[in-house]
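Hi everyone, thanks for coming. Let me put today's structure up on the screen, and then we can walk through it together.

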Amino acid sequence: MLSRLRVQNFAIISDLTLDFAPGLNVFSGETGAGKSIVIEALGFALGARGDVSVIKDGTDKMCVTATFSSDMLPEDLRKEFQIAGDVFTLKRELDKKGKNKAWADGRAVTVSALAKIGRALVDFHGQHEHQSLLHPSVHLLLLDKFAKHDALVKQVENAYRQVQLVQAKLDSARLSAQEKEQLLDMSRYQLQEIEAVNPSAEEDAQLEQTLPKMKHAGRLLEMASEAYHELYDAEDSATARAGKAARELESMAELDENLSALAADLNNALVTLEDVADTLGSYKDDINLEPDALDKMLERHEKIKRLKAKYGPEIGDVLKTADELRERINNLQNSAEHEQELLAELEKGKKALLKLAAALHDKRFAAAQKLSALLTEQIRPLGFNAVRFSAAVEMDEENLGPTGADKVEFLFSPNPGQALRPLKNIASGGEISRVMLGLKTVLAPTVPVMVFDEVDAGIGGETGWLVGEKLRQAAQGRQVLCVTHLAQVAAQADHNFHVTKKADKNSTEVTIMPLQGENLTAEIARMLGGNADKNSAAFSHAEELLKNAKRF
């Protein structure tokens, strides 16, 4: 459960702390009041893209801290990020220069780590996400998420990449003599350029460490010699004086045993001084003052720098490129011999890919039947008495790709006697919103927190009440955060928050307050479009809505 969210200098929020509870948490307020800012802030804390333009005017950075119950985080993530205790926090800052800082339970992490944790904690549905349902390319991803056959999907992708690699080798083998010679010349030149420098994997780091010492060799030698002299060489050096003091203290300890520990401490300090002096002596003796050595090192550094710029960005990439060039040259020189071998390998790879794609198709087809039945069951109570939904899966062997050979499209029929047709061609905005609500309920059953930002867009009346019921059901055993403009939804919340925006000549500020009792009834009355006065019809209607919600 998300127990607390603190938002600082985010958009038009200066410093806001909200405490949440399990169940359905609903945010309401006037249009333009900033209801969605809290959702955006939570997304930012969980690794969503941050934009410096969102930092509140007049401040240098924004910060969002989210506190969660630790028992909701999978055990592998708790171990990975060393999260202990009953609760943990995720915190993220972004400054005006675009620099991000992130922490998980007080330990510094990357923003991508926040996103990894966030995916296990919260499922977001934004204001415009339901529009993604209009694109068939998304349908395949949703079906695979439901089916949870990630390992097979990865096998298909790897098999496809391998086929593409063999095909590329075969294409190289089939080049014309002129093309082959040109490619050979270029590859030999590039390889010779790398081999002429012959860099090693560790050399770059060694040069970066050694060059500053070489550049300042004279000054370093001067300072090292002076320090060595003071520590060891001088007649009254630090070691000599410390040694004399140690001998005196040892004599004193013979007369007063309470000084034994102090004498031992001084002797240990003397050993440390002598070790430092010895190391410093070796350091100054190793300093190379020869100008040629520095020139050679600078020249070497520049050559490696050029290689990294051309074949990098790192030395490891340069060495990998050299290996790839050697393999390419070998393939080109022996292309005729390899062509038949590559043809056989390609045929074998294609058969393996097709077999995997067929297995994936079977799993997708079975999953589509389950998804169709579950989703129909989920959305039927949302005002679709005769709804039909089908996830159609069609295999096209001629179009094998990294995701297999399947085309997936969601088909929909909201009315009796109406044929199943592509969702993008038949569903209204309100219908799309309800289908997405059903999908979220089906696809994210294990995610402990679900967030809906105006999932009720395009609907109202009795359908709005049904959507509220579905949200309340979805919140059982978990936590749901919902931004709404519908009184029918807000009335069914376990916890209500009212969002207001105040502006003057100099600033704009968002305030969010919990609602209870008559304040809640007045807000529901306002959402109904009526007078919030206790004696108004809208207030009575609001009381009736709240009363009906308590029956469940």
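Let's start at Thr67, which sits in strand 4, the stretch covering residues 61-69. Keep in mind as we go that this is a predicted model. Is Thr67 buried or exposed? Its relative accessible area is 14%, and since buried means under 20%, Thr67 counts as buried. So who are its partners? Leaving out residues up to four places away in sequence, Thr67 touches Met1, Leu2, Ser3 and Arg4, and also Val87, Phe88 and Thr89. Have a look at Leu90 as well: 23 residues separate it from Thr67 in sequence, yet the two C-alpha atoms are 6.5 Å apart in space.

Now follow the chain along to Gly98. You'll find Gly98 in the loop that links strand 5 (87-95) with strand 6 (100-104). With a relative accessibility of 36%, Gly98 is partly exposed. Gly98 and Lys61 are 37 residues apart in sequence, and from C-alpha to C-alpha they are 9.1 Å apart in space.

Next, the inside. In soluble globular proteins, nonpolar side chains tend to be buried together. Here, the largest nonpolar core has 55 residues, and the members touching the most others are Phe410, Leu471 and Ile524. Which helix gives the most to this core? That is helix 15, residues 429-443, with six residues. If you zoom in on Leu471 and set aside its neighbours within four places in sequence, its contacts are Leu24, Leu437, Phe452, Val455, Val480, Cys482 and Val489. There is also a second, separate core of 46 residues, and among them are Phe20, Phe27, Ala45 and Leu77.

Let's zoom out to the whole chain. It holds 19 helices and 15 strands. The radius of gyration is 35 Å, while the globule rule gives 24 Å for 552 residues, so the chain is more spread out than a compact globule. Along the principal axes, the C-alpha trace spans about 100 × 85 × 50 Å. How much of the chain is buried? Of the 552 residues, 42% count as buried. Among contacts with a separation of 6 or more, 68% come from residues 24 or more positions apart.

Last, the surface and the charges. The accessible surface is about 29600 Å², with 49% of that belonging to carbon and sulfur atoms. As for charge, there are 67 positive and 84 negative side chains, and the centres of the two sets lie 8 Å apart.

Technical notes
Residues numbered from 1 in each chain as written. Predicted model: local features only at pLDDT ≥ 70, side-chain atom pairs only at ≥ 80, totals over all residues. Heavy atoms only, no water. Core = buried A, V, L, I, M, F, W, Y, C linked by side-chain atoms within 4.5 Å. Buried < 20%, exposed > 50% of the residue type's maximum accessible area, 1.4 Å probe, protein only. Helix = DSSP H or I, 4+ residues; strand = E, 2+ residues; numbered from the N terminus. Contact = heavy atoms within 4.5 Å. Rg over C-alpha atoms; globule rule 2.2 N^0.38 Å. Areas by Shrake-Rupley, 256 points an atom, 1.4 Å probe, with all protein chains shown as cover. Lys, Arg positive; Asp, Glu negative; His and termini not counted. Charge placed at Lys NZ, Arg CZ, Asp CG, Glu CD.
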